[in-house]
Amino acid sequence: MTTVTAAPAVTTVPTESTQQALGYPSLFLLVLIGALVPVVPTGALVSSAAVVAFHQTAPFALALVFVTASLAAFCGDTALYWLGRRGMRSRNGSHWLEAIRSRAPEERLAQAQAKLAGHGTTVLVLSRLVPAGRIPVMLACLMADWPLRRFVRGNLPACLAWAVTYQLIGILGGSLFPEPWEGVVAAVALTVVISAAPSVWRRLRKPKDA
């Protein structure tokens, strides 16, 4: 008598499919939160996601990271500016407006206002690429009473340029190391250095200017 044992069918979800199903919504949500609450290192998130996408076999993984990151940044910036405009018109202000003001020192705000007056929407693109430059320029736009539509027109290319820049950092990290986690560490370290460089430079210059 022959006994035939049927092996149980095991359904496994491919690793890349799982990463994509969880990764892109998580990236969108975290970048959106980071745009609304300017303490989340969104650049490092985009670079890390780009490293993971670089090592995947899916043909459009990097394109999806770019679309997700730029769309989340754009939506977050637009929502924060809208909330800031409401705060400017309100007699008692708003929590969001106070958060924007607290992240914009007087010296940085004065520089942003001068650049905004001279170069207009071009400053929005540069502010997204300069660490800690987004909030002072956004506050300068609020104080100049820019309508939401004008801010949106300038902020769209800014978010696209920002997403491309940090994605390229991730691609560089992913290409230098065979393991994704090594590339993530390298990309995060590079974004931290880039973010800290302006403040370190200002501190080094202060004794000379005094």
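This report walks through the fold, the surface and some side-chain pairings of one protein model.

## About the model

The model is predicted, so local features need pLDDT of at least 70 and side-chain atom pairs count only at pLDDT 80 or more, while totals for chains, interfaces and linings use all residues. Residues are numbered from 1 along each chain as its sequence is written, and side-chain values use heavy atoms, with hydrogens and water left out.

## Overall fold

Let's start with the big picture. The protein has 9 helices and 0 strands, where helices (H or I, at least four residues) and strands (E, at least two) are DSSP runs numbered from the N terminus. Buried residues make up 35% of the 210 residues; buried means under 20% relative accessible area, exposed means over 50%, and partly exposed lies in between (1.4 Å probe, protein chains only).

Among contacts with a separation of 6 or more, 77% join residues 24 or more positions apart; a contact means heavy atoms within 4.5 Å. Ser48 gives a local example: this residue sits in helix H2 (residues 42-54), is buried at a relative accessible area of 16%, and is in contact with Val184 and Val188, leaving aside its neighbours within four places in sequence.

## The surface

The accessible surface of the protein comes to about 12400 Å², and 66% of it belongs to carbon and sulfur atoms. Such areas come from the Shrake-Rupley method with a 1.4 Å probe, and for residues only the protein chains shown count as cover.

Leu29, Ile33, Val37 and Val39 form a nonpolar patch with about 330 Å² of accessible area together. Patches are made of residues with over 30% relative accessible area and no salt bridge, with like charges joined within 9 Å and nonpolar side chains (Val, Leu, Ile, Met, Phe, Trp, Tyr) within 5 Å. Ile33 belongs to helix H1 (residues 15-36) and is partly exposed, at 36%.

## Salt bridges

Next come the charged pairs. The model holds 4 salt bridges, each being a side-chain nitrogen of Lys or Arg within 4 Å of a carboxyl oxygen of Asp or Glu. Asp77, Arg128 and Arg134 are linked in a network. Asp77 is buried, with a relative accessible area of 0%, and Arg128 is buried at 8%.

Another salt bridge joins Arg85 and Asp145, at 3.4 Å between the closest N and O atoms. Arg85 counts as buried at 13%, whereas Asp145 is exposed at 53%. Asp145 lies in the loop between helix H7 (134-143) and helix H8 (148-176), and its phi is near 60°, a positive value in a residue other than glycine.

## Aromatic rings

There are 2 aromatic pairs. Rings of Phe, Tyr and Trp (its six-membered ring) pair if their centres lie within 6.5 Å; planes under 30 degrees apart count as stacked, over 60 as edge-to-face and the rest as tilted. Tyr81 and Phe151 are stacked, 4.1 Å centre to centre with 5° between the planes. Trp162 and Tyr166 are tilted, at 5.9 Å and 55°.

Arg128 returns here, lying over the face of Trp162 at 4.7 Å from the ring centre. A charge sits over a ring if NZ of Lys or CZ of Arg is within 6 Å of the ring centre and within 35 degrees of the ring normal.
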